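These are my notes from looking through one model, written down in the order in which I looked things up.

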Amino acid sequence: MISVRNLDYFYGQKKALNHVNFDIDAGEFCALLGPNGAGKSTLFGMLSGLIASKSSTISLAGHDLVRDRKSALASLGIVFQQSTLDLDLSVLQNLKYFAALHGLTGRLAHRQIDKALDTLGLRERILEKVRTLNGGHRRRTEIARALIHQPAILLLDEATVGLDAETRSNITDYVHELSAKGMTVLWATHLTDEIRPSDRLLVLHRSSLLYDGQTSEFSSNPEVKFLEMTKNTE
């Protein structure tokens with residue numbers, strides 16, 4: 001569902017990604033673990049088409065990001081680390097606006113918005129302006145927005161930054177449930193308590209992919225000290 005080959009990227013003389021390769025299967029929950037500055041946001045920028053590299057190849061839901069950019073990006077739902085909601089619009093207005101950007105109108109838009117609201121527990125907040133919401137409900141709104149067009153792949157870049165432990169846990173549970181229902185998820189974080197033993201795990205460190213495998217098997221890996229180093233750090 002996600003396939004990347006030879007991901008390399010420089011910021012000036014600094015290498016942000018160093019020959020990163022991986023595949024994520026359909027319906028898989030894959031955690032991307034790494035400390036701040038490891039290259040996670042750069043990787044997400046490349047997957048979402050915001051950053052380009054001539055030497056890299058990215059395929060999303062079977063569509064090459066260069067040759068079939070429109071179809072590739074249409075398969076994505078994205079939640080970035082920094083909020084992109086309009087603070088002066090209500091939850092419902094934000095969702096309607098995003099639905100329209102994807103060409104969803106009328107009954108179809110209404111049905112998809114209702115589904116997203118119910119999935120994320122936002123029904124009672126639909127008329128509230130986003131700026132009045134707490135951090136947890138803002139994140140839920142962003143996830144709801146990312147699901148409106150029924151993407152095959154959901155990308156979340158540090159989606160729980162700045163939230164309390166209970167809210168982080170609730171949002172992590174929501175996204176795992178989406179994966180259990182068949183959605184492919186790439187969840188970037190630097191907090192190990194957001195990752196479950198059954199999750200697929202990619203560890204990014206100093207621009208390189210340090211580990212690719214099951215989380216439950218990582219404890220026996222020689223690089224386990226990295227996991228302890230990043231545990232519960234902000």
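**Entry 1: a hairpin and its sheet**

I started at the hairpin of β9 and β10, which has 2 residues between the strands, and noted that R206 takes a positive phi near 55° there. I keep in mind throughout that this is a predicted model.

Next I looked up how the two strands are joined: β9 covers residues 200–205 and β10 covers residues 208–214, and they pair in the antiparallel sense over 6 bridges. Within this pairing I found V203 opposite Y211 of β10.

On the question of what else β9 pairs with, I found strand β3, residues 29–33, which runs parallel to β9 and is joined to β9 over 4 bridges. One of the residues I checked there was C30, whose bridge partner in β9 is R200.

I then traced the whole sheet, which is open, has 6 strands in the order β6-β7-β8-β3-β9-β10, and shows mixed pairing. Because β6 (76–79) and β10 stand at the edges with a single partner strand each, one side of each is left without a neighbour in the sheet. On average, neighbouring strands of this sheet are turned by 15° against each other, with direction ignored.

**Entry 2: helices across the sheet**

Which strands does helix α1 lie across? I found that α1, made of residues 40–47, lies across β3, β6, β7 (153–157), β8 (184–189) and β9, and that α1 runs at about 150° to β8. Helix α5, residues 135–147, lies across β6 and β7, and its direction is at about 165° to β6.

I picked out V175 and listed what it touches, leaving aside residues up to four places away in sequence: F29, I143, L154, L156, V185 and W187.

**Entry 3: aromatic rings**

My count came to 3 aromatic pairs. One of them joins Y9 and Y11, whose ring centres are 5.1 Å apart and whose planes stand at 75°, so the pair is edge-to-face. I also checked how open Y11 is, and at 43% relative accessibility Y11 counts as partly exposed.

F29 and W187 form a tilted pair, with 6.1 Å from centre to centre and 35° between the planes. Since F29 lies in strand β3 and W187 in strand β8, this pair ties together parts that are 158 residues apart in sequence. Are F29 and W187 buried or exposed? Both F29 and W187 turned out to be buried.

Another ring I looked at was that of F98, where the charged end of R145 sits over the ring, 5.5 Å from its centre.

Where is E217 found? I located E217 in helix α7, residues 215–218. Lastly, I noted that the C-alpha atoms of E217 and R200 are separated by 9.9 Å, while the two residues are 17 residues apart along the chain.

Note on methods
Residues numbered from 1 in each chain as written. Predicted model: local features only at pLDDT ≥ 70, side-chain atom pairs only at ≥ 80, totals over all residues. Heavy atoms only, no water. Pairing = 2+ DSSP bridges. Axes fitted to C-alpha atoms, helices over the stretch in contact; angles between N-to-C directions. Contact = heavy atoms within 4.5 Å. Phe/Tyr/Trp six-rings, centres within 6.5 Å; stacked < 30°, edge-to-face > 60°. Buried < 20%, exposed > 50% of the residue type's maximum accessible area, 1.4 Å probe, protein only. Lys NZ or Arg CZ within 6 Å of the ring centre and 35° of its normal.
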